[in-house]
Amino acid sequence: MDIRSLGYLRIETTDLAAWRTYVLDILGMVEAQGSTDEQLNVRIDDRVHRFQFVAGTQDRLVAAGFEVPNARELALVASELEAAGHAVKEGDAATLADRRVQGLLHVSDPAGNPLEIYWGQAQDHSPLGTPYGNRFVTGTTSPTTGDLGLGHVVLPAVEIDEALDFYENLLGFQLRDSMQLPPVAVPTGKPGQDAYRMYFLSPNRRHHSLGLYPGALPPGIVHFMVELEELDDVGYGLDRMKKAGIPIASSLGRHSNDHMVSFYAQAPGGFQVEYGWDGLIVDPATWTAREITSDSLWGHEWNG
């Protein structure tokens, strides 16, 4: 399958006002077309939106959207998913209009994570105009990297082997590396195991667009990451978090696998956001999957 990138995230929230403050005033994103009192659409680049926060009765991931290049590829994706025994549902007209796409499929991965696979998302050609002059790394205008997507998302997957097989061998993501975790790091994992393994994958040159965590989490998402063009903008973001009294889940550090310099902060939905800089761009043709034995080269001291 020719899946190109993680295109968008759609998140249900019990506190839309808190997310509005968080993404616009703290993360430095921009309110997008189509926002209402019940839904906040958010831009970080030339796509009409990369995030949608929808008022509801739960805090949960509604969908992770993955992009394919055209209608023909979307039809092939549907055929291959159905042949592999996965239920596929076409997006209706209202869904296509809301997502601003030309075609869309709903499907769940083996862990039950909701996915939307789509093509033809609209662009917004107006200047982005972020509040702090910050710019996000998505690769949409880069002739060398191609579209890297909005960043990455880490999803829970108790049935980790089935999930890995789905993304690697069916959707065609490349496994970049894995990491062994002790039971204390996976309190909601499959019981009776002496160790667990977390996986990092991508369909493009970003080191990873997807992480699979071998445990359960009620919001259906562990964290999402957005990448900044400048290190100073990460620092300014950290200062804004602290000034706003937002709990910092992990101190500034550099990851060992994707080399991202980042920190993690709690988000309104009961999960975390990673705010980073200098993520690794790889050559898929020469990459060899590895096991990392430490999460970070320095920093990233976790607060609980």
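Colleague: Before we start, what does the model count, and how are residues numbered?

Modeller: Residues are numbered from 1 along each chain as its sequence is written, and in this predicted model local features need pLDDT of at least 70, side-chain atom pairs count only at pLDDT 80 or more, and totals for chains, interfaces and linings use all residues. Side-chain values rest on heavy atoms, with hydrogens and water left out.

Colleague: What makes the pair of Phe 51 and Phe 224 tilted?

Modeller: Rings of Phe, Tyr and Trp (its six-membered ring) pair if their centres lie within 6.5 Å; planes under 30 degrees apart count as stacked, over 60 as edge-to-face and the rest as tilted. The centres of Phe 51 and Phe 224 are 4.9 Å apart and the planes stand at 45°, so this pair is tilted. It is one of 13 aromatic pairs in the structure.

Colleague: Which parts of the chain does the pair link?

Modeller: Phe 51 sits in strand β4 (residues 51–55) and Phe 224 in strand β13 (residues 223–228), 173 residues apart. Strands here are DSSP runs of E, at least two residues long, while helices are runs of H or I of at least four, both numbered from the N terminus. The chain holds 5 helices and 18 strands. Ring pairs also join Phe 51 and Phe 224 into a cluster with Trp 19, Tyr 22, Phe 53 and Phe 271.

Colleague: Why is Phe 51 called buried?

Modeller: Buried means under 20% relative accessible area, exposed over 50%, and partly exposed in between (1.4 Å probe, protein chains only). Phe 51 has 0%, so the residue counts as buried. Phe 224, also at 0%, is buried by that rule.

Colleague: What is the strand order in the open sheet?

Modeller: Its 8 strands follow the order β2-β3-β4-β1-β5-β8-β7-β6, with mixed pairing. β2 (30–31) and β6 (89–90) are at the edges with a single partner strand each, so one side of each lacks a neighbour in the sheet.

Colleague: How do you know that β5 and β8 pair?

Modeller: Two strands pair if DSSP finds at least two bridges between them. Strand β5 (residues 60–67) and strand β8 (residues 114–119) are joined by 4 bridges and run parallel. Ala 64 is opposite Leu 115 in β8.

Colleague: What puts Arg 240 over the face of Tyr 132?

Modeller: The rule asks for NZ of Lys or CZ of Arg within 6 Å of the ring centre and within 35 degrees of the ring normal. Arg 240 lies over the face of Tyr 132, at 3.9 Å from the ring centre.
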